[in-house]
Amino acid sequence: MGHHSNWPEWIYIGVVIALMVWVGSEAWNAERLVEHIPADAEVIKVTGQQWFWSFEHEDGTKEIGELHVKVGKAYKFEITSKDVNHSFNIHDYVVLLDAVPGRINTVWFAPKEVGEHDIQCREYCGLIHYNMRGKLIIEEADTTS
Amino acid sequence: MVLELQKPRPIWQIMFSTHHTDVGLMYLITSLIFLFMGGALALAIRAELFLPGSQIIADSMTFNRMFTVHGTTLIFLFLLPFASAVGNYFVPIMVRYKDMAYPKLNAIAFWMIPPAAALIWLGFADFTWYANPPYSIISAPGPAADMWIFGLKILGISSVLGAINFIVTILKCKHPDMSMGQIPLLAWSFLTSSLIVLVAIPTFAAALFFFFSDRLGVSGFFNPAMGGNPIAYAHLFWFTFHPEVYVLVIPAIGMMYEIIPRFSRKPIFSHSSGIFAFVLLSMVSFSSWAHHMYATGMSFTEKTVFMIGTLAAVPASAMHVFNFIATMWNGRIKFATPMMWAVGGIALFFSAGAGGVVNAAMPLDFQTHDSYWVVGHFHLFVMGTIAFGSIGFLYYLFPYVTGRMYNERCQEESMIILQSQNGLL
């Protein structure tokens with residue numbers, strides 16, 4: 001001990017701290033942009049319960065297990081649960097937020113292409129958690145009405 | 001001790017002794033038994049997941065029970081008792097005292113583990129090691145859940161008693177000629193991790209009481225149907241169990257600090273930076289608990305605070321890695337068994353830490369959260385870093401305790417198998 005110089009360690013620690021500051025500020029900036037919900041986003045109420053998802057559109061239409069949305073629109077999910085904790089996840093669009101009873105969590109997304117994607121529960125919620133799935137169906141934008 | 005082999009004592013004399021080496025051995029044997037039991041559950045879980053659908057495990061509830069008990073067993077009944085085993089054996093020797101400060105308390109802390117383990121294994125609860133209210137309050141079948149609560153309660157008391165004993169032994173019973181700076185890094189690791197236990201565990205102990213009275217229906221702390229908030233449980237749980245990860249990893253790093261200088265045939269590069277990094281780690285361990293909860297609907301500000309708190313742990317961990325590499329640098333390294341495990345552990349510590357930075361970064365966390373990525377990250381820490389340091393130290397300890405030598409070749413193969421398996425994780 002004491003017979004070595006310490007400067008390599010200080011340079012190394014400086015590099016590590018600089019890297020962390022860079023990662024942190026990039027992440028902060030990205031999250032700030034991602035969380036900004038567009039003003040014209042349509043609200044969809046999402047409710048999780050053992051062991052299925054139900055949805056309610058702004059016009060009152062209700063769906064169970066399937067969610068129909070349109071390309072080019074922004075949607076804001078208001079997520080809650082009727083019984084225990086669930087987690088609402090559309091993996092292909094990186095939509096992930098817990099459904100907690102007694103609480104409404106919001107997240108938004110804007111579908112880009114027509115197609116079908118999986119909706120799943122991503123928080124352990126009991127016996128059939130593994131099969132608590134839904135379908136997100138993205139349709140062509142409505143041009144007739 | 002070495003002499004024991006020449007004139008073996010009856011087993012009950014070791015079992016009911018309060019001497020620190022005997023209690024250490026009992027901790028060691030207990031932890032290894034639970035390593036096998038928890039490991040057997042892990043093998044069954046992986047075998048079941050080999051193909052989609054149900055193969056060897058009859059129904060999903062049995063599977064859920066298995067991963068719950070797997071996690072609870074390996075964290076509380078393997079890793080923690082293993083660290084206590086090493087601490088019991090070496091801390092009094094390292095601070096040059098005849099025994100632990102409170103030998104009887106030490107034996108009591110050990111003997112709390114078997115009944116707690118029996119409660120956890122006979123109950124076989126299903127709600128994951130996080131317990132996850134309100135599911136565990138309104139849905140989980142009793143008495144499994146209640147047995148789990150009492151099992152964890154007893155283990156918490158045992159941890160606190162052990163921590164008090166380590167702190168008093170190191171601070172009050174060390175040789176008067178020994179300054180704090182001269183205390184070996186392994187003993188320092190037990191001092192810092194015991195301080196974390198003392199601050200962190202009571203929070204979860206309180207949460208367990210709330211949780212139990214919620215299950216009885218007399219309160220509704222975490223039950224929204226009675227006006228409670230499950231997120232409050234998440235805060236209480238992670239305020240204890242994020243620091244708990246450091247309680248596990250700090251002694252493993254301390255063990256590597258014993259192994260690496262010995263087999264590099266050089267003194268530790270910087271004893272003081274090792275101490276500094278331990279103290280720093282024990283402090284930042286409390287600044288990051290809510291990074292487990294980004295997806296519960298936290299505000300942007302909360303997430304930012306806990307991201308910064310999490311990233312703050314990286315420089316302190318990096319100081320240890322630097323210390324290890326600088327100690328090995330230009331050393332005459334002998335890749336004996338314990339050294340192989342320690343170096344493997346450092347490599348996995350680095351990869352686990354790098355994965356941790358990805359989890360801490362807010363937007364990336366929403367990609368990885370609640371997925372097998374996090375399971376992999378966590379196992380790189382516990383099975384990679386902590387178990388590698390521990391098993392390396394076990395091989396380091398073995399000739400010292402028994403006076404015999406193990407088969408080096410046989411163990412090299414086991415190390416290579418485990419290392420490649422961790423790579424696959």
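Helices (DSSP runs of H or I, at least four residues) and strands (E, at least two) are numbered from the N terminus. The model described here is predicted, so local features need pLDDT of at least 70 and side-chain atom pairs count only at pLDDT 80 or more, while totals for chains, interfaces and linings use all residues. Residues are numbered from 1 along each chain as its sequence is written, and chains are lettered from A and ligands numbered from 1 in the order in which they are written.

Most residues other than glycine have a negative phi, and most peptide bonds are trans. In chain B, the loop between α6 and α7 holds B:P134, which is joined to B:P133 by a cis peptide bond with omega of about 5°. In chain A, a cis peptide bond links A:Q50 to A:W51, with omega about 0°; A:W51 sits in the loop between β1 (42–49) and β2 (52–56).

Positive phi values can be found too. B:N330, which is not a glycine, has a phi near 65° and belongs to the loop between α13 and α14 (337–360) of chain B. Burial is judged by counting other C-beta atoms, placed from the backbone, within 10 Å of a residue's own: 20 or more means buried, 12 or fewer exposed, and anything in between partly exposed.

Just after α16(B) comes B:G403, with a positive phi of about 75°.

Next comes the packing of helices. The axes of α4 (residues 60–94) and α6 (residues 113–123) of chain B come within 10 Å and cross at roughly 170°. Such axes are lines fitted to C-alpha atoms, for helices over the stretch in contact, with angles from 0 to 180 degrees between N-to-C directions. Angles under 35 degrees count as roughly parallel, over 145 as roughly antiparallel, 65 to 115 as roughly perpendicular and the rest as oblique, and α4(B) and α6(B) are therefore roughly antiparallel. Residues are in contact if their C-beta atoms, placed from the backbone, lie within 7 Å. Among the residues of α4(B) that meet α6(B) are B:V69 and B:L77, and α6(B) contributes residues including B:I120 and B:W121. B:L122, also in α6 of chain B, is exposed, with 11 other C-beta atoms within 10 Å.

Beyond its neighbours within four places in sequence, B:M256 is in contact with residues including B:F324 and B:G389. Between the chains, 39 residues of chain B are in contact with 36 residues of chain A, and α12(B) gives the most to the chain B side, with six residues.

Definitions and conventions
Two residues are in contact if their C-beta atoms, placed from the backbone, lie within 7 Å.
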